Amino acid sequence: MDYAFFLEVLVGGLLSGIMYSLVAIGFVLIYKSSGVFNFAQGTMLLLAALTFVSLTERMVNFWVAFAITLMIMVVLGIIIERTVMRPLANQSLLSLFMATVGLNYFLEGLAQGVWDSAVHGVNLGISNDPIFLIDKFPVLGLDIIVSYFDMAAAGIAGLMILGLSLFFTFTRTGLSLRAVSDDHLAAMAVGIPLSRIWAIVWAVTGVICLIAGLLWGDRVSVSFTLTSAVLKGLPVILIGGLTSIPGAIVGGLIIGASEKLGEIYVAEWIGGQGIEHWWAYTTALLFLMVRPTGIFGEKEIERV
Amino acid sequence: MFYREAGKLVGSFGKDRRMLPLLEDRWLAVLFVAFMYFVVTAIASDYMFTAILIPIMVLGVATLGLNIAVGYTGQLSLGTAGFMCFGAFSAFNLILRIDWMTIPLAFFLSGMIAGGVGIIFGLPSLRIKGFYLIVSTLAAQFFAEWVFNAYPWFLNYTSSGVVSLPMHHYRVFPGQENTPFNAAFWYSSQGRYLVTLTVTILLVLACKNLVRSNTGRNWMAVRDMDIAAKVIGIPVAKTKLMAFFISTFYCGVAGAMYCYCYIGNLDFMIFNLRRSFLVMFMVIVGGLGSILGSFLGAIFVYAWPILITRGSDFIFGGGAIDTAFIENNSKIVVGTIIIVLLIREPGGFAALWSSSKQKLRVWPFAQ
């Protein structure tokens with residue numbers, strides 16, 4: 001086996017896994033605080049990226065467009081919380097999930113109805129050049145190539161996670177968020193305003209969607225296919241456990257690496273390319289067979 | 001105003017346990033089936049058959065299949081289209097490769113094959129619960145999309161990726177060549193309609209009987225709380241796998257019908273994830289855990305874009321409104337209806353139907 005090549009594939013996979021983690025973090029935030037599995041994540045990503053791109057194409061300054069989109073996403077998050085989530089509070093997990101599937105359809109129609117369904121490019125000014133890490137690993141004596149863009153995306157994801165964990169640990173709102181995620185009723189009993197917390201979570205998710213949407217948009221162009229990001233994020237959070245942000249990162253790394261390695265080494269063996277999609281889910285399935293609630297997931301205690 | 005249940009006394013357990021205990025219901029059912037067989041077959045146009053009746057019945061069967069898993073057993077499945085794909089390809093290969101194969105047998109066997117696949121992908125449900133389970137059915141969906149693309153044998157090495165189903169495949173019973181019901185008849189839209197209608201009625205009857213039998217009650221017990229079900233002695237593992245088997249059997253037959261009766265060709269591209277979600281919408285809109293609801297949901301979700309197109313053609317003249325607008329509009333409306341239904345009427349159209357029946361019963365006296 002060619003170790004340099006193997007390592008290159010592995011590193012490429014890990015870095016693209018970070019992109020999946022970006023999507024997954026949005027999922028985790030909402031699931032953690034309100035117990036909703038937000039299937040509309042991918043479409044929110046599309047909506048954010050599409051709004052941003054359409055604004056910049058209409059000669060709006062980069063930062064102005066960013067601010068406007070940010071505001072739209074925050075307002076959208078609050079509206080979703082008001083109109084969809086609040087009336088459905090305390091419903092079964094299944095109907096909440098269905099509601100987000102409906103929301104997904106609604107936003108899909110809205111995003112493409114308000115803007116258009118053409119393919120847009122977005123340029124964040126991050127170069128896509130490869131970096132040659134020659135002689136960087138003198139011990140191993142290997143030469144590997146990684147993409148600068150992937151490194152930058154990983155950096156942004158790292159910053160976001162750092163910010164989120166600081167927010168969760170050191171602010172009053174973050175503390176309330178953790179309380180709500182622990183137990184809705186107990187949190188309400190000590191006077192935490194549940195609806196306000198949910199509104200904050202949906203707004204924060206809107207911000208994450210914008211950042212992830214732009215990074216994904218730069219990578220694969222802004223078009224309808226961006227909604228499939230949700231399908232990349234799904235196995236990631238399921239491996240990591242639905243309630244854990246570190247889980248989203250670890251899950252992303254595992255899925256990314258497994259996808260790329262599987263595409264190189266397994267696809268050849270079973271005779272067919274393009275196994276990425278189901279391979280990611282099979283990997284997730286294997287992990288879940290060992291740990292049914294993901295690596296960092298909370299084990300639920302059930303009583304009759 | 002409306003016929004009522006009260007005061008209809010029965011004299012034996014057998015009569016009490018009938019599928020439709022009310023005489024009026026039985027007459028309505030018989031009249032409806034007779035109408036579908038004799039009147040509709042005689043008067044409906046080709047457009048009516050191929051664009052409305054057949055697809056609604058086919059999608060209704062798929063919805064019923066998904067409803068067995070989601071609505072009756074509480075096992076979330078997003079792989080419906082994938083299982084339909086397995087059914088469609090099984091039917092095609094059975095008919096292509098076995099000389100004496102007939103369409104009804106092929107449909108049955110393709111349902112069995114899809115059911116076998118369903119059991120395999122349902123196995124993780126014994127260990128994984130809740131949302132984590134969608135990984136398994138999504139794996140099935142993507143695996144189906146991949147495997148029929150990667151191995152051209154399944155498509156009989158057709159380079160274009162789409163096989164047009166030939167007329168000689170439409171062999172419904174042995175020795176049909178010298179009767180008026182030959183391959184040409186079954187190939188026509190009328191013949192396809194009759195096949196679809198018969199299969200649909202049989203599957204609905206089977207499902208109706210399943211859900212009021214021991215099996216169905218076990219499904220619902222597992223759905224409501226599987227640990228409690230286990231405590232009272234219901235074999236949870238067997239029940240779950242049974243539900244997956246029956247559910248994917250229905251999806252498999254629906255997939256086979258989708259190709260043979262509806263579109264008339266075989267193409268793995270149509271069985272994509274979007275179709276899975278479409279079927280999921282039909283389940284939600286129609287009502288979880290309802291047979292009637294499955295078909296109401298199929299009618300609504302399928303017919304809505306057609307209604308908008310037709311309506312706009314009627315009002316503004318043909319082609320006045322572009323298709324993208326209609327598509328976006330129907331997405332927005334369907335999404336809104338799903339959310340509103342979940343908030344206002346979680347039982348879907350089926351619950352609306354039963355509550356309106358109740359209103360009719362007491363009208364005009366009580367409110």
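In the predicted model, the axes of helix H2 (residues 41-57) and helix H8 (residues 194-220) of chain A come within 8 Å and cross at roughly 65 degrees, where axes are lines fitted to C-alpha atoms over the stretch in contact and angles run from 0 to 180 degrees between N-to-C directions. H2(A) and H8(A) are therefore roughly perpendicular to each other (65 to 115 degrees; under 35 counts as roughly parallel, over 145 as roughly antiparallel and the rest as oblique). Their crossing is right-handed, the near helix being turned clockwise from the far one by less than a right angle. Within this contact (heavy atoms within 4.5 Å), residues including A:Met44, A:Leu45 and A:Phe52 in H2(A) meet residues of H8(A), among them A:Trp202, A:Cys209 and A:Leu214. By class, the contact of H2(A) with H8(A) has 10 nonpolar, four polar and no charged residues.

A second pair joins two chains: the axes of helix H11 (residues 276-290) of chain A and helix H6 (residues 134-150) of chain B come within 8 Å and cross at roughly 150 degrees, which makes H11(A) roughly antiparallel to H6(B). This crossing of H11(A) and H6(B) is left-handed. Residues such as A:Trp278, A:Tyr281 and A:Leu288 in H11(A) meet residues including B:Phe142, B:Phe143 and B:Trp146 in H6(B).

Helix H1 (residues 3-34) of chain A has 32 residues, which at 1.5 Å a residue should span 46 Å, in agreement with the 45 Å between its end C-alpha atoms. H1(A) bends by about 25 degrees at A:Val23, the bend being the angle between axes fitted to the seven residues ending there and the seven starting there.

Residues are numbered from 1 along each chain as its sequence is written, and chains are lettered from A in the order in which they are written. Local features need pLDDT of at least 70 and side-chain atom pairs count only at pLDDT 80 or more, while side-chain values use heavy atoms.

Key:
Helices (H or I, at least four residues) and strands (E, at least two) are DSSP runs, numbered from the N terminus. The expected span of a helix is 1.5 Å times one less than its number of residues. Ala, Val, Leu, Ile, Met, Phe, Trp, Tyr, Cys and Pro count as nonpolar, Asp, Glu, Lys and Arg as charged, and the others, Gly among them, as polar.
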